[in-house]
2 protein chains.
Amino acid sequence: MSEDSPTRRRTRAAIVRAAVSVLARRPEASLAVIAAEAQVSRSTLHRHFADRGDLERAAVAQSVEDITRATVDARPEHGAPLEALTRVIAAYVGVGDRIRFLFHDPRLLGAHSDLADFAAADGPVLALIARGQRDGSMDSAVGAGWIEQALWALVYAAAEAVDGGLLPGHAAAETVARTLVTGIGGDADREAG
Amino acid sequence: MSEDSPTRRRTRAAIVRAAVSVLARRPEASLAVIAAEAQVSRSTLHRHFADRGDLERAAVAQSVEDITRATVDARPEHGAPLEALTRVIAAYVGVGDRIRFLFHDPRLLGAHSDLADFAAADGPVLALIARGQRDGSMDSAVGAGWIEQALWALVYAAAEAVDGGLLPGHAAAETVARTLVTGIGGDADREAG
DNA sequence: CAATTCTGCGACATCCGTGTCTCGAAAAGC
DNA sequence: GCTTTTCGAGACACGGATGTCGCAGAATTG
């Protein structure tokens with residue numbers, strides 16, 4: 001209804017971005033820290049979000065939206081399953097901070113029932129995994145849900161490793177893909193990487 | 001110095017156990033919640049641990065000790081690297097709640113400089129990975145540190161999956177081993193699992 | 001330039017977690 | 001059984017985080 005002014009929209013977006021960035025590393029961080037990260041006073045933060053729950057909700061919604069967009073852009077339903085999975089992994093690494101934010105505190109997804117929108121990002125990937133399992137290009141001895149969990153866990157670990165300097169950022173996507181798809185066992189009978 | 005009474009030792013152990021269990025799922029949980037989980041009054045908790053930092057330190061130390069014991073019992077330096085890794089994975093899954101506790105808040109390991117003792121659990125595994133990479137049974141295209149991170153991440157994901165009912169507890173170890181070693185790609189040319 | 005909107009600063013009350021203390025009861029040890 | 005130790009309940013002060021408000025300055029809009 002009420003039309004948002006451009007400036008108002010900008011500051012609001014900056015606050016949400018800062019919230020995701022800070023809460024991904026420290027879910028219990030105070031609102032003052034988030035406001036500082038957004039280069040905004042604490043009053044302004046409260047002017048845009050009534051309470052902490054509102055801000056969390058907005059951060060979750062924004063993250064889910066970004067992940068959904070990245071997922072559909074990767075076209076998980078096109079091409080060979082393993083190639084599609086590689087594209088999805090690259091997309092996930094691109095929004096790694098948001099993955100990290102949602103993965104770090106699974107209670108957030110449950111607390112704010114934005115689950116309906118999350119299915120838009122979740123469904124296509126599960127469908128991709130099921131498709132890969134049907135045509136034999138993915139392991140069908142484990143559940144599709146587990147594969148998705150493993151995917152998220154590895155992306156999360158990569159985001160943390162990059163943040164800690166253990167892994168160069170440009171190698172994150174390929175490293176995750178290699179680890180998840182072919183595993184870390186035996187590189188003898190494999191094309192030299 | 002002061003000899004600990006058996007009862008005192010028991011309650012202290014119960015509090016530490018409760019702290020690990022609770023903080024693994026919610027690192028910001030209040031001391032009152034931890035005391036309740038240990039079926040102990042908040043006064044008693046403070047009688048055993050001066051402040052929150054003391055309790056965290058004890059929980060970290062206990063977890064590191066448990067993980068170290070499980071690691072050395074798995075004899076990572078014996079036998080073929082991949083078989084040794086499978087044993088280590090089984091051992092890690094066995095102490096999954098402690099892994100989950102330490103992995104969920106990496107700051108804890110940094111805050112309390114019990115890093116010296118942690119090396120006792122960390123070193124042998126890194127050595128095992130390096131050994132596997134040397135003899136070609138493990139992928140040498142990625143860093144040993146990354147492999148260890150991936151191992152921890154998958155064990156963490158499995159612990160969460162079991163907790164959420166997504167994965168049966170008895171299958172956790174084998175699932176993690178299979179995912180990490182052979183990956184989730186192609187089960188066509190593989191012995192039927 | 002004038003009016004509206006947005007922002008920063010500071011004050012304020014409030015709630016929650018924390019750490020300390022005392023006292024009486026319960027339990028363990030000798 | 002008696003002494004010592006441990007525990008539970010409750011009260012207390014303190015600090016930090018939170019949410020609200022008013023006011024004056026700055027920025028945007030027309």
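**Reading the terms against the model**

Mentor: Around DNA strand C there are 20 residues, of which the closest are Thr11(A), Ser43(A), Thr44(A), Ser30(B) and Asp51(B). The elements that give two or more residues to this surface are α1 and α3 of chain A together with α1, α2 (31-37) and α3 of chain B. This is a predicted model, in which local features need pLDDT of at least 70 and side-chain atom pairs count only at pLDDT 80 or more, while totals for chains, interfaces and linings use all residues. Residues are numbered from 1 along each chain as its sequence is written, and chains are lettered from A and ligands numbered from 1 in the order in which they are written.

Trainee: What makes a residue count as near a strand?
Mentor: Its C-beta atom, placed from the backbone, must lie within 6 Å of the strand. By that criterion 19 residues surround DNA strand D, the closest being Ser30(A), Asp51(A), Thr11(B), Ser41(B) and Thr44(B).

Trainee: How do the residues of the surface near DNA strand D divide into nonpolar, polar and charged?
Mentor: They divide into 5 nonpolar, 10 polar and 4 charged, where Ala, Val, Leu, Ile, Met, Phe, Trp, Tyr, Cys and Pro count as nonpolar, Asp, Glu, Lys and Arg as charged, and the others, Gly among them, as polar. The surface near DNA strand C has 5 nonpolar, 11 polar and 4 charged residues.

Trainee: What is the secondary structure of chain A?
Mentor: Chain A has 10 helices and 0 strands, where helices (H or I, at least four residues) and strands (E, at least two) are DSSP runs numbered from the N terminus.

Trainee: Why are α4(B) and α8(B) called roughly parallel?
Mentor: Helix α4 (residues 52-73) of chain B and helix α8 (residues 115-134) of chain B pack at an angle of about 30°, with their axes 9 Å apart. Because angles under 35 degrees count as roughly parallel, over 145 as roughly antiparallel, 65 to 115 as roughly perpendicular and the rest as oblique, α4(B) is roughly parallel to α8(B). Their contact has 8 nonpolar, 2 polar and 1 charged residues.

Trainee: What is the relation of α1(B) to α6(B)?
Mentor: The axes of helix α1 (residues 6-25) of chain B and helix α6 (residues 96-104) of chain B come within 8 Å and cross at roughly 55°, and that value makes α1(B) oblique to α6(B). On the α1(B) side the contact is made by Val20(B), Ser21(B), Leu23(B) and Ala24(B), and the α6(B) side includes Phe101(B) and His104(B); residues are in contact if their C-beta atoms, placed from the backbone, lie within 7 Å.

Trainee: How do you know that the two copies are related as by a two-fold rotation axis?
Mentor: Chain A can be laid on chain B with an RMSD of 0.1 Å by a turn of 180° and a shift of 0.1 Å along the axis, and the copies are therefore related as by a two-fold rotation axis. The superposition is by least squares on the C-alpha atoms of residues with pLDDT of at least 70 in both copies.

Trainee: How many residues does the contact take from chain A and from chain B?
Mentor: The contact takes 34 residues from chain A and 34 residues from chain B, and α9(A) gives the largest share of the chain A side, 10 residues.

Methods: Axes are lines fitted to C-alpha atoms, for helices over the stretch in contact, and angles run from 0 to 180 degrees between N-to-C directions. Two residues are in contact if their C-beta atoms, placed from the backbone, lie within 7 Å.
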